[in-house]
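Please look at the model below. What can be read from how its helices pack? A short report follows.

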Amino acid sequence: MTTFAASLKKEIARVARKELRDEISALRKGSATYRSEIADLKRKLKSLESRVKALSRATPRAESARKAPAEASRAKPGRKIIFGAAEFLALRQQLGFTQAQMAKLVGASALSIYKWESGQVTPRAAQLEKILAVRKLGKREALTRVQA
């Protein structure tokens, strides 16, 4: 009986290996295709990242070429305008304006003027252009614009 049991056991193992071989080969083929797809996606990602990097290098040059005339007269070519909170406060005090009057002149809220002067926030590009225009004004002209 032991030889019969041993031969039955060997036959069952052989049949099980044969059935598993077919299933495992399908899994191996699938994992190989997945690996190749992953490698392809990694290559594409790397090329896209290099394109983004190249475009980000080219973007600041394009922006400096399209500067507004008010910015171009104030800043040196190829340089970005840097907003100074203390300088803005000094400008307002030089004109003798309150924050509300300065807000009306620049076209912003008094809260924005406060935050700009305290250095909590920097103005957006559109507001910077208006601030640069205000810098060129004298006291009388600024006062007439606020009253109008």
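Start with glutamine 127. Leaving aside residues up to four places away in sequence, glutamine 127 touches Val106, Gly107, Ala108 and Trp116. This glutamine sits in helix α6. Keep in mind that the model is predicted. Is glutamine 127 buried or exposed? Its relative accessible area is 16%. Buried means under 20%, so glutamine 127 is buried.

Helix α6 also holds arginine 135. Arginine 135 has a relative accessibility of 29%, so it counts as partly exposed. In sequence, arginine 135 and leucine 91 are 44 residues apart. In space, their C-alpha atoms are 7.2 Å apart.

| Residue | Relative accessible area | State |
|---|---|---|
| Glutamine 127 | 16% | buried |
| Arginine 135 | 29% | partly exposed |

Now turn to helix α3, which spans residues 85-95. Which of its residues are buried? They are Ala85, Phe88, Leu91, Arg92 and Leu95. These residues lie on the same side of α3, because they cover an arc of only 120 degrees around the axis. Ala86, Gln93 and Gln94 are exposed on the other side of α3. The cover over the buried residues includes α4 (99-106), α5 (110-118), α6 (125-135) and α7 (139-147). After α3 comes glycine 96, with a positive phi near 75 degrees.

How do α3 and α4 pack? Their axes are 10 Å apart, at an angle of about 105 degrees. That angle falls within 65 to 115 degrees, so α3 is roughly perpendicular to α4. From α3, the contact uses Phe88, Leu91, Arg92 and Leu95. From α4, it uses Gln99, Met102 and Leu105. Five of the residues in this contact are nonpolar, one is polar and one is charged.

Not counting residues up to four places away in sequence, methionine 102 touches Phe88, Leu91, Arg92, Leu95, Phe97, Ile113 and Val134.

Finally, the core. Nonpolar side chains tend to be buried together in soluble globular proteins. Here the largest nonpolar core has 18 residues. Which of them touch the most other members? Leu95, Met102 and Leu105 do. At least two residues of this core come from each of α3, α4, α5, α6 and α7.

Definitions and conventions:
Residues are numbered from 1 along each chain as its sequence is written. This is a predicted model: local features need pLDDT of at least 70, side-chain atom pairs count only at pLDDT 80 or more; totals for chains, interfaces and linings use all residues. Side-chain values use heavy atoms; hydrogens and water are left out. Buried means under 20% relative accessible area, exposed over 50%, partly exposed in between (1.4 Å probe, protein chains only). Helices (H or I, at least four residues) and strands (E, at least two) are DSSP runs, numbered from the N terminus. The arc is that of the directions from the helix axis to the C-beta atoms. Contact means heavy atoms within 4.5 Å. Axes are lines fitted to C-alpha atoms, for helices over the stretch in contact, and angles run from 0 to 180 degrees between N-to-C directions. Angles under 35 degrees count as roughly parallel, over 145 as roughly antiparallel, 65 to 115 as roughly perpendicular and the rest as oblique. Ala, Val, Leu, Ile, Met, Phe, Trp, Tyr, Cys and Pro count as nonpolar, Asp, Glu, Lys and Arg as charged, and the others, Gly among them, as polar. A nonpolar core is a set of buried Ala, Val, Leu, Ile, Met, Phe, Trp, Tyr and Cys residues joined through side-chain atoms within 4.5 Å.
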